Amino acid sequence: MAMEATTIRFAPEERAWIQSYADFCGKTFSDVVREAALERVEDAADLQAYEEALREDDGVRYTMEEVLRMCEQAQ
């Protein structure tokens, strides 16, 4: 996958803190920042999907035993 360069500005202390973490993990500074940004976006998408599912929730709930029974009947 082709990568594009992007400029992000950090205070010197922030950059040093992130670099220390990257060094500790054996990763590059860019990898740590990229992973953190993508995780944040994924979390936001997950929250949006969860909230949408709650809006569509009909309130029906099943016990684990009921789910297992339904699985057995489907086979």
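**Salt bridges and their setting**

Guide: Asp57 has a relative accessible area of 34%, so Asp57 counts as partly exposed. The model is predicted, and the values below are computed from it.

Asp57 takes part in a salt bridge with Arg61, where the closest N and O atoms are 2.7 Å apart. Arg61 has a relative accessibility of 57% and therefore counts as exposed. As a general point, side chains of opposite charge can pair when their charged atoms come close.

Glu56 belongs to helix α2, which covers residues 29–56. Its relative accessibility is 60%, so Glu56 counts as exposed. Glu56 and Gly26 are 30 residues apart along the chain, and their C-alpha atoms are separated by 43 Å.

The structure holds three salt bridges. Another one of them is formed by Arg34 and Asp31, with the closest N and O atoms 2.7 Å apart. Both residues lie in helix α2, three residues apart, which is about one turn of the helix. Arg34 is partly exposed because its relative accessible area is 33%. Asp31, at 26% relative accessibility, also falls in the partly exposed class.

The remaining pair is Lys27 with Glu35, whose side chains meet in a salt bridge at 2.7 Å, N to O. Lys27 has a relative accessible area of 33% and so is partly exposed. Glu35 is likewise partly exposed, at 32% relative accessibility.

Next comes the packing of the helices. Helix α1 spans residues 12–25, and its axis comes within 8 Å of the axis of α2, crossing at roughly 100 degrees. Because of that angle, α1 is roughly perpendicular to α2. The α1 residues at this contact are Arg15, Ile18, Gln19, Tyr21 and Ala22, and they meet Phe29, Val32 and Val33 of α2. Sorted by type, the contact residues are six nonpolar, one polar and one charged.

The largest nonpolar core has five residues in all: Ile18, Ala22, Phe29, Val32 and Val33. Both α1 and α2 give two or more residues to this core, and the largest share, three residues, comes from α2. Within this group, Ile18 touches Phe29, Val32 and Val33, and it also touches Phe10, when neighbours within four places in sequence are left aside.

Trp17 sits in helix α1, yet its relative accessible area is 70%, so Trp17 is exposed.

To return to the charged pairs: the N and O atoms of Asp57 and Arg61, of Arg34 and Asp31, and of Lys27 and Glu35 are in each case given as 2.7 Å apart.

Technical notes
Residues numbered from 1 in each chain as written. Predicted model: local features only at pLDDT ≥ 70, side-chain atom pairs only at ≥ 80, totals over all residues. Heavy atoms only, no water. Helix = DSSP H or I, 4+ residues; strand = E, 2+ residues; numbered from the N terminus. Buried < 20%, exposed > 50% of the residue type's maximum accessible area, 1.4 Å probe, protein only. Axes fitted to C-alpha atoms, helices over the stretch in contact; angles between N-to-C directions. Parallel < 35°, antiparallel > 145°, perpendicular 65-115°, else oblique. Contact = heavy atoms within 4.5 Å. Nonpolar A, V, L, I, M, F, W, Y, C, P; charged D, E, K, R; others polar. Salt bridge = Lys/Arg side-chain N within 4 Å of Asp/Glu carboxyl O. Core = buried A, V, L, I, M, F, W, Y, C linked by side-chain atoms within 4.5 Å.
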